[in-house]
Amino acid sequence: MAGNPRQAAYRVLMRCRRSGAWSEDAISSEIQKTSLSGRDGALCSRIVLGVLQNRTWLDFIIGTYCATPTEKLDPRVLDILRLSAYQILFLDKIPVSAAVNEGVSLCRREVNPGAAKLVNAVLRRIGEHREQLPEVPGKGTAAYLATRYSHPLWLAEELAAEHGYAFAEAALAANNEQPPVYAHANPLRPGTDLLTALADFGAEPTDLPGCVSLRTTAGITETEVFRNGGCYIQDAAARMAALAGGAKPGMTVLDACAAPGGKSVASAMAMENRGWVISCDIHEKKLRLIRENAARLGINIIETRAGDARRPDADLTGIADLVIADVPCSGLGVIRRKPEIRWKDQAELDNLPAIQRDILEGLAPCVRAGGVLLYSTCTVRTRENGGTVSAFLADHPEFTPEGFILPGSIGEVPSGQITLWPHLHGTDGFYICKMRKKS
């Protein structure tokens, strides 16, 4: 039924389950296809992301009130139970009766009337007990964390072992919260007041100079301030990484794994559009987006080229004052924005440090004597962050970590490296390490 946000959410969840579609793309496609209004589109998005964020815990609750084990349910029925249970347990403005009735109707349309009876019984029991839900067993263990906050057991175990149980619980809980969105003023378009220009998007000031937080970005690309290049969207952590690099006017900067280009743009702005930024990526099609964004923002010092950061072009040897290595990673620092990332295969993730190390090895010769190599990831895994950097520095005594200063409450980072955490810093999970090459 066109225009039904719950049915749209069901279709998105089914696509994600069946074909591994990314939720962000699937939501956008479904909203457009069904012509959902802004309010209904927001509800569809909230339901999908909420189910993906809380899937394991929802299954625990469903399993408590369902005689059939969740793993034996028709996957279509389980999708409907999840999206309905999410509304009952998380969306206070939706009456329990409405969530139950919509779930039953959806099951009649998408599965069969017989399954609808089961859906009705389970959802009514969840609604009756939502103020006194059963507690996940094993509190104080990684298994409890994995179920209560819907993360893979291996990740809960790893965080608890490295940082302690309380820290791990806070980190996993934060991954299920809605992330802030940031808009940054373009200094090349002086006189832009984002608090006024983006007031309709809930703009509020932040500790980052020229940056505001937004309640939503829906429709922001249609605003005059965005179309005219007065602002760009980037998480605070990525912006801080660019600030740590210390790009200045006249420099040559190599952004070696550049797509989607946020650090290239931030560096070019710090350079006042004077100098040379070489933005490289292994995928040619992604470079077009960098060029288009640079043109919108009035930046003309960015040159794009396709290439593998593990084997840079020979003409890049010794050329750069600053090399930015924002390497491929597990992405576990952006789970709030892409909840399905948490379910990536652990074996594949464990191969990433070798790739990251190869990239550092390839890029080290590109840094001129006295220049900076900036290593960053959007993950919080030690083996991909400090572990990779330590192994690199052990073989490259010509590089030394160098302290830097970040804005706001973070301030000075004397060690030259920092991991940003959503529950501590309010940003995406991110790692930054600044290394200076000896003259």
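In which handedness of crossing does helix 1 pass helix 3? Keep that in mind while selecting; the model on screen is predicted.

**Stop 1: helices 1 and 3.** Select residues 5-19 for helix 1 and residues 38-53 for helix 3. The crossing is right-handed. Their axes come within 8 Å and cross at roughly 40 degrees.

Now show side chains. On the helix 1 side, display P5, R6, A8, A9, V12 and L13; they meet D40, L43, C44, I47, V48, V51 and L52 in helix 3. By class, the residues of this contact are 11 nonpolar, no polar and two charged.

**Stop 2: E30.** Move to helix 2, residues 23-34, and pick E30 there. Is E30 buried or exposed? With a relative accessible area of 2%, E30 is buried, because the cut-off for buried is under 20%. Leaving out residues up to four places away in sequence, E30 touches A8, R11 and V12. Of these, A8 and V12 also belong to the helix 1 side of the contact with helix 3.

**Stop 3: the largest nonpolar core.** This core has 69 residues, and V48, I62, L81, C107, V119 and I126 touch the most other members. Select residues 75-90 next: this is helix 5, which gives the most to the core, with nine residues. Then centre on I126, whose contacts beyond four places in sequence are I61, I62, Y65, A85, I88 and L89.

Definitions and conventions: Residues numbered from 1 in each chain as written. Predicted model: local features only at pLDDT ≥ 70, side-chain atom pairs only at ≥ 80, totals over all residues. Heavy atoms only, no water. Core = buried A, V, L, I, M, F, W, Y, C linked by side-chain atoms within 4.5 Å. Buried < 20%, exposed > 50% of the residue type's maximum accessible area, 1.4 Å probe, protein only. Helix = DSSP H or I, 4+ residues; strand = E, 2+ residues; numbered from the N terminus. Contact = heavy atoms within 4.5 Å. Axes fitted to C-alpha atoms, helices over the stretch in contact; angles between N-to-C directions. Left-handed = near helix turned anticlockwise from the far one by under 90°. Nonpolar A, V, L, I, M, F, W, Y, C, P; charged D, E, K, R; others polar.
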